[in-house]
4 protein chains.
Amino acid sequence: MSSVSHRQLQVQPLAEIGQLKIHGRTTGELAPLTLFWTGSAVELNVRASELWMEAESGYDHHESWISILINNVPVSRQMLNAGRHWICVFRGMNPERVKNIRLVKEVQAMSGDPGCYLQFHAVRTDGGFLPVEDKPYRIEFVGDSITSGEGVIGAKAEEDWIPAWFSGVHNYTAMTAEAVQADYRVVSQSGWGVLSSWDNNPQGNIPDIYEQVCGLLTGHHNEALGAHQKNDFGSWQPDVVVVNLGTNDDGAFHSPEWQDETTGQRYKQRLKEDGSYHEEDLAAFESAVTKFVGKLRTCNPDAHIVWVYGMLGLSLMPAIYRAVDTYIKSTGDRNVSVFQLPDTTSETIGARTHPGLLAHQQTAQELSGYIRGLLSGS
Amino acid sequence: MSSVSHRQLQVQPLAEIGQLKIHGRTTGELAPLTLFWTGSAVELNVRASELWMEAESGYDHHESWISILINNVPVSRQMLNAGRHWICVFRGMNPERVKNIRLVKEVQAMSGDPGCYLQFHAVRTDGGFLPVEDKPYRIEFVGDSITSGEGVIGAKAEEDWIPAWFSGVHNYTAMTAEAVQADYRVVSQSGWGVLSSWDNNPQGNIPDIYEQVCGLLTGHHNEALGAHQKNDFGSWQPDVVVVNLGTNDDGAFHSPEWQDETTGQRYKQRLKEDGSYHEEDLAAFESAVTKFVGKLRTCNPDAHIVWVYGMLGLSLMPAIYRAVDTYIKSTGDRNVSVFQLPDTTSETIGARTHPGLLAHQQTAQELSGYIRGLLSGS
Amino acid sequence: MSSVSHRQLQVQPLAEIGQLKIHGRTTGELAPLTLFWTGSAVELNVRASELWMEAESGYDHHESWISILINNVPVSRQMLNAGRHWICVFRGMNPERVKNIRLVKEVQAMSGDPGCYLQFHAVRTDGGFLPVEDKPYRIEFVGDSITSGEGVIGAKAEEDWIPAWFSGVHNYTAMTAEAVQADYRVVSQSGWGVLSSWDNNPQGNIPDIYEQVCGLLTGHHNEALGAHQKNDFGSWQPDVVVVNLGTNDDGAFHSPEWQDETTGQRYKQRLKEDGSYHEEDLAAFESAVTKFVGKLRTCNPDAHIVWVYGMLGLSLMPAIYRAVDTYIKSTGDRNVSVFQLPDTTSETIGARTHPGLLAHQQTAQELSGYIRGLLSGS
Amino acid sequence: MSSVSHRQLQVQPLAEIGQLKIHGRTTGELAPLTLFWTGSAVELNVRASELWMEAESGYDHHESWISILINNVPVSRQMLNAGRHWICVFRGMNPERVKNIRLVKEVQAMSGDPGCYLQFHAVRTDGGFLPVEDKPYRIEFVGDSITSGEGVIGAKAEEDWIPAWFSGVHNYTAMTAEAVQADYRVVSQSGWGVLSSWDNNPQGNIPDIYEQVCGLLTGHHNEALGAHQKNDFGSWQPDVVVVNLGTNDDGAFHSPEWQDETTGQRYKQRLKEDGSYHEEDLAAFESAVTKFVGKLRTCNPDAHIVWVYGMLGLSLMPAIYRAVDTYIKSTGDRNVSVFQLPDTTSETIGARTHPGLLAHQQTAQELSGYIRGLLSGS
């Protein structure tokens with residue numbers, strides 16, 4: 001497979017290429033490869049003059065976008081139309097030199113679009129492949145719209161909720177991983193929290209779907225693609241798990257109640273008259289944090305678990321500290337910590353009043369410093 | 001045409017849309033619109049939820065790339081495969097809000113590829129169009145690979161000469177124009193100079209093709225598209241003409257002779273034994289500069305003409321000053337000046353040992369300051 | 001007093017100038033004025049061509065340094081030799097224009113030098129004085145060497161503990177106050193903590209001396225100067241109290257025991273065998289934090305109290321959060337919060353392995369953003 | 001002399017210390033040492049716990065200022081009162097470690113103040129001295145107020161012409177020299193030019209005084225100090241001479257005539273009615289530039305001579321290029337070039353509408369890159 005022949009373009013199914021490196025949680029299936037989460041990617045080292053990749057994209061509402069990196073530099077970023085298409089990754093290059101190529105999913109898994117999926121079937125090239133080395137470390141990021149890179153792209157005035165404004169590449173996750181030399185995965189969803197989504201929907205919580213490959217996806221097609229399979233944690237154990245959740249849990253306190261249409265049950269995180277969090281509801285949030293840390297530990301026995309918070313305000317930070325404290329005291333597990341991220345300012349904000357590129361860069365700088373400390377101390 | 005109807009996507013030929021704004025030299029033809037030069041663009045204000053653009057691209061060797069800007073922010077950058085394709089510019093947006101859209105040619109006109117062209121035929125949208133305002137000023141940039149943005153994209157180690165590494169958007173031309181609030185056009189070609197190209201080919205000179213729409217293109221198809229038509233200078237008079245040429249003329253002194261295969265004539269800008277420029281050949285360069293300034297003045301009677309130089313070394317600067325001096329003394333035309341650009345350093349270099357993004361930003365900052373002075377003084 | 005006469009320099013005792021503004025805790029005495037803490041200053045608006053200030057400085061070990069600011073820009077920084085000296089602040093300036101002048105103590109109060117003091121007796125000028133306006137807000141900073149600006153000045157390799165490396169001007173306290181438009185005061189001491197100093201000396205705690213004007217000074221002379229008087233909190237109530245303590249309390253866990261020579265008693269914050277904090281000793285630290293917040297509240301009934309931490313590591317942050325939580329729960333006082341400061345890195349470090357200028361700037365940027373939020377929310 | 005004894009402070013006249021390094025043109029006299037130009041300095045390596053320096057300062061109008069650098073970091077900056085004073089450079093430091101110390105004259109030679117001088121007589125220390133190594137290169141800077149660092153210190157609103165706003169340390173000369181690892185000297189005077197001063201005084205030209213140690217000083221005292229002695233060029237030959245003159249020559253075109261009170265002769269660089277330079281007067285300027293380059297070459301036979309210009313506008317740049325061209329053509333000496341400096345902007349301006357710290361930093365960055373090219377090419 002790594003023999004080099006430059007004469008003619010040959011199609012090869014992904015499943016027949018031994019030296020692919022897949023980033024992000026998948027089912028392991030390569031025929032075709034389905035990428036679920038933002039930042040998920042297919043990476044390869046290829047000695048060739050030309051390379052095409054066959055992608056398949058579908059959606060009811062929200063189309064997929066990808067970025068192409070050549071030798072670690074973003075070169076192309078594009079919307080994928082529905083259907084199966086050959087994408088030219090590069091052409092006209094020196095056939096003797098090896099290129100590192102990465103096609104990255106720029107958009108989060110779409111819990112609200114049962115028809116949304118992104119797949120890669122095959123490559124077409126005149127060359128051959130070489131192995132891709134692993135980075136020294138592995139990080140898993142778990143989060144919400146911030147971690148999905150919502151608002152990194154686009155003018156500050158943009159208000160539409162569309163995939164175009166998301167980025168997996170210009171994202172603190174990618175930058176932090178690069179800074180500490182880590183492979184990384186992302187599990188994230190806009191609007192979701194630890195206990196509920198920003199609008200009090202109790203199903204909009206990350207912990208419930210954490211153990212599946214991509215449990216928040218809906219629809220028969222995604223189920224058939226294996227999104228609901230149990231994730232194989234044994235195959236990829238991170239050195240660090242970064243959880244960036246809480247922002248939407250705070251939102252729930254400030255949003256109207258959510259009613260379950262089937263049961264009629266109403267859900268609402270309450271504020272007291274003086275504007276402070278209602279103790280019972282705050283306790284429910286803290287309990288959810290404590291439990292989620294426990295689940296993360298079960299799935300990732302040796303990882304440093306770091307709960308990060310603060311890019312869009314700090315109001316739940318004391319509760320997060322308490323909840324993590326409770327976890328540590330009840331388990332004796334001291335490999336868990338809390339780290340405050342820098343707040344987004346009028347200079348660093350992006351589209352849709354979300355953190356912009358500068359905010360992600362600042363977060364990556366501070367977070368990578370903190371993670372470097374964890375990794376060197378262990 | 002500017003009435004708004006959001007129900008269904010309707011195809012409209014470009015020629016039927018009254019409110020388009022076209023950037024860059026064209027023949028005026030809209031059925032279809034051919035974009036020749038880097039930085040050329042079609043711009044429109046559209047009130048719609050969705051917009052597609054039908055592009056047609058062809059090439060023998062060098063494919064075209066475009067960037068899409070939404071509300072002045074780059075959102076997508078992609079290679080265009082050969083053929084006629086519908087490109088989705090945006091979808092799923094608020095149908096009531098007006099978006100400013102710009103599709104920009106990222107790659108220079110390709111003198112070496114007679115089959116290379118880029119066209120736009122039609123739009124498909126559920127909305128209507130509004131007028132695009134002109135900027136207060138107009139600038140024309142004339143240059144070589146630096147002005148073509150060669151090397152702005154890509155890793156520093158890249159050596160292949162391919163369109164992927166060019167950018168019209170992340171380019172000092174675009175940044176300078178933005179900083180001084182100007183519409184702008186670019187006339188540029190990698191390897192070309194005032195007197196000859198870097199390899200002493202006397203046909204690789206910009207002055208000879210300056211008066212045509214895009215006179216350096218070859219092939220019957222480009223001729224049929226009107227590339228060789230006389231440019232209608234009267235229709236678009238710049239306030240400032242920036243000429244960034246000389247770097248390849250210096251290269252000619254350090255490159256082997258070029259032989260015209262039909263006439264057998266040899267061309268060579270000579271160095272003396274001590275490494276200095278041969279006086280006769282330097283004089284030929286200066287004469288070419290002086291004449292080109294005269295031609296620029298003929299075509300642009302009221303513009304400030306600024307010869308800029310220095311992003312890749314300063315060796316011909318004294319000759320440029322002399323040549324411009326000669327022009328001024330012989331004509332009394334004092335609306336011509338010379339401005340040194342900041343040199344590219346190991347920190348600011350990009351791909352293919354060309355100025356990188358940081359070099360273009362630094363140049364734009366200094367050049368826009370200088371141009372602001374010209375514009376406020378006039 | 002504010003009449004202007006430029007003919008001759010006239011000496012005026014400070015006590016006779018009605019329009020002085022004194023920064024920092026003092027006894028109120030102006031004949032002479034004693035400045036105790038770093039960042040303390042005498043500020044005045046003067047319409048004159050020349051101004052001198054009579055300073056008196058004494059020390060057994062550690063000399064005083066001052067900076068002079070003219071119209072808010074540092075112009076001079078100098079060591080004060082022992083004795084009584086006239087310092088020329090400015091000369092040769094336009095006698096008709098008003099200058100804002102500030103002489104700032106650059107060095108902390110020196111608990112280890114009973115002979116150290118800094119006083120101002122009189123001015124000599126050809127002009128007159130005008131009132132100095134108050135800023136819209138007031139902040140009090142309480143801290144250790146970080147807050148004393150230790151290491152802001154000097155090469156990274158410097159290791160000597162000398163006053164030259166301290167600065168009250170190039171200090172996050174001054175920068176933060178400037179950014180939020182606040183007058184400010186500093187109470188700080190290198191090596192000290194909430195419970196004890198870095199070397200386990202229980203007397204090296206800030207809470208015990210907080211209520212006095214400058215209770216950590218020793219010696220008969222300082223006592224005679226009123227350092228041990230009760231501070232008049234009513235005369236200057238801050239909008240925000242920032243406490244930056246804990247770094248030396250962590251140091252105590254990693255330092256040998258301290259023995260009280262008179263009583264023979266030994267003091268030691270203990271680590272457990274696994275390197276974690278001993279629970280009892282950590283509880284003692286937390287109790288000290290909780291109590292100190294209570295004392296701060298008593299002295300500053302309406303202030304936002306913000307405990308900040310993290311410029312030299314985060315290890316005690318969970319304990320600080322717990323301790324503040326305990327305070328809030330037991331009192332219902334919700335006007336207290338915790339804010340993490342950015343860690344110092346190899347790029348931002350200064351002399352003596354303390355935060356350098358860049359670290360103070362970064363802290364000021366983040367802390368001022370946080371404080372702005374507090375002030376706008378109240 | 002380099003033996004180390006830390007017990008008691010000993011006074012040593014400068015003339016008895018073998019290992020001093022003197023920066024800037026002097027007469028060679030060390031008993032005492034007179035520093036004439038800005039950036040002039042006395043540098044020493046001392047192994048001691050304490051060091052004092054005996055300075056003597058005098059003036060009729062403009063006092064001297066010095067900066068003290070310890071291990072290459074500015075630690076103190078102060079006005080020197082008239083008279084002879086001991087200045088404490090450092091105290092309380094580790095007696096075993098060697099400190100590099102530099103006392104730098106912050107203010108230019110004062111042509112307008114016959115009474116102005118700065119001297120150093122002796123040191124007082126408990127330690128001994130070690131040799132100071134030379135840097136690999138040497139640069140001489142020749143210029144006007146820009147090169148004197150006028151306006152680097154102070155608020156933008158400052159308008160008084162006083163020594164406080166000058167700096168030799170925060171100056172592009174010092175920064176450029178540091179960046180290219182060069183020892184350096186400065187010859188500069190506010191208001192002066194190549195042909196005349198800004199107000200058309202023909203005596204305000206640098207070329208006439210260039211060959212003396214400090215020929216622009218006046219008064220018997222300065223003459224007695226040797227200011228008018230012929231400079232010993234043989235003792236210190238620069239690798240590069242940077243001339244930053246022309247800004248005041250442009251000013252002369254825009255200022256009223258100057259009348260010589262003794263001869264009654266009037267001097268005026270004229271503008272034509274259309275605002276352009278009068279040809280005869282421009283020719284006089286160019287002739288002065290050409291001649292000065294010749295004088296610089298005579299004095300510095302092997303140096304790269306670089307005429308730099310542009311920090312406060314570019315209007316005379318074509319004339320400078322012509323004049324240097326004339327020199328090169330008439331002599332064949334090609335080791336002379338012209339380099340444009342970045343213009344000062346509203347962001348980079350300092351006090352007195354002169355370049356501020358940011359402007360000096362930007363100039364140093366670009367100029368040091370250019371000089372590095374010269375030095376590596378030779």
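This briefing describes the chain arrangement, nonpolar cores, salt bridges and selected local features of the structure. The model is predicted. Chain A superposes on chain B through a rotation of 180 degrees with 0.0 Å of shift along the axis, at an RMSD of 0.0 Å. That is the relation of a two-fold axis. Over all chains, a search of the whole structure finds 76 salt bridges.

**Symmetry and chain arrangement**

- A:Arg77 is the residue of chain A that comes closest to the rotation axis, with its C-alpha at 2.6 Å.
- The copies meet through the same surface, because 100% of the interface residues of chain A are also interface residues in chain B.
- Chain B and chain C are joined by no contact, and their closest C-alpha atoms lie 18 Å apart.
- Chain A and chain D are likewise joined by no contact, with closest C-alpha atoms 18 Å apart.

**Interface of chain A and chain B**

- Chain A contributes 35 residues to the contact, and chain B contributes 35 residues.
- About 2,600 Å² is buried between chain A and chain B, and carbon and sulfur atoms give 51% of this area.
- Across this interface there are 15 residue pairs in polar contact, both residues being at pLDDT 80 or more.
- On the side of chain A that touches chain B, at least two residues each come from strand S6 (64-70), strand S7 (73-80) and strand S8 (83-90) of chain A.
- S7(A) gives the most to that side, with seven residues.
- Four salt bridges are counted between chain A and chain B.
- A:Arg91 and B:Glu63 form a salt bridge in which the closest N and O atoms are 2.4 Å apart.

**Nonpolar cores**

- The largest nonpolar core holds 141 residues, of which B:Phe292 and D:Phe292 touch the most other members.
- Apart from that core lies another of 140 residues, including A:Ile146, A:Leu316, A:Leu341 and C:Ile371.
- Beyond its neighbours within four places in sequence, B:Phe292 is in contact with B:Val142, B:Val194, B:Ile206, B:Pro207, B:Tyr210, B:Val243, B:Leu245 and B:Trp307.

- A:Asp325 and A:Lys329 form a salt bridge at 3.5 Å, N to O.
- Both residues lie in helix H5 (residues 317-331) of chain A, four residues apart, about one turn of the helix.
- A:Asp325 counts as buried at 10% relative accessibility, whereas A:Lys329 counts as exposed at 61%.
- A:Arg334 forms a salt bridge with C:Asp274, the closest N and O atoms being 3.2 Å apart.
- This pair crosses between chains, from the loop between H5 and strand S18 (336-340) of chain A to the loop between strand S16 (266-267) and helix H4 (279-299) of chain C.
- B:Arg322 and B:Glu286 meet in a salt bridge at 2.6 Å, N to O.
- The pair links distant parts of the chain, with B:Arg322 in helix H5 (residues 317-331) and B:Glu286 in helix H4 (residues 279-299) of chain B, 36 residues apart.
- B:Arg322 counts as buried at 18% relative accessibility, as does B:Glu286 at 14%.
- A network of salt bridges links A:Glu286, A:Arg322, C:Asp325 and C:Lys329.

**Local features of chain D**

- Helix H1 (residues 172-179) of chain D is largely enclosed by the rest of the structure, because six of its eight residues are buried.
- The buried residues of H1(D) are covered by elements of chain D including strand S12 (137-143), strand S13 (182-188), strand S14 (240-244) and helix H7 (357-377).
- D:Gln181, which follows H1(D), has a positive phi, near 60 degrees.
- D:Gly112 lies in the loop between strand S9 (98-105) and strand S10 (117-125) of chain D, and is exposed at a relative accessible area of 53%.

Terms used: Residues are numbered from 1 along each chain as its sequence is written. Chains are lettered from A and ligands numbered from 1 in the order in which they are written. This is a predicted model: local features need pLDDT of at least 70, side-chain atom pairs count only at pLDDT 80 or more; totals for chains, interfaces and linings use all residues. Side-chain values use heavy atoms; hydrogens and water are left out. Copies are superposed by least squares on the C-alpha atoms of residues with pLDDT of at least 70 in both. Contact means heavy atoms within 4.5 Å. A nonpolar core is a set of buried Ala, Val, Leu, Ile, Met, Phe, Trp, Tyr and Cys residues joined through side-chain atoms within 4.5 Å. Buried means under 20% relative accessible area, exposed over 50%, partly exposed in between (1.4 Å probe, protein chains only). Buried area is the accessible area (1.4 Å probe) that two parts lose on being put together, summed over both. A salt bridge is a side-chain nitrogen of Lys or Arg within 4 Å of a carboxyl oxygen of Asp or Glu. A polar contact is a pair of N or O atoms within 3.5 Å; within protein, one must be able to donate a hydrogen and the other to accept it, and residues adjacent in sequence count only if both atoms are side-chain atoms.
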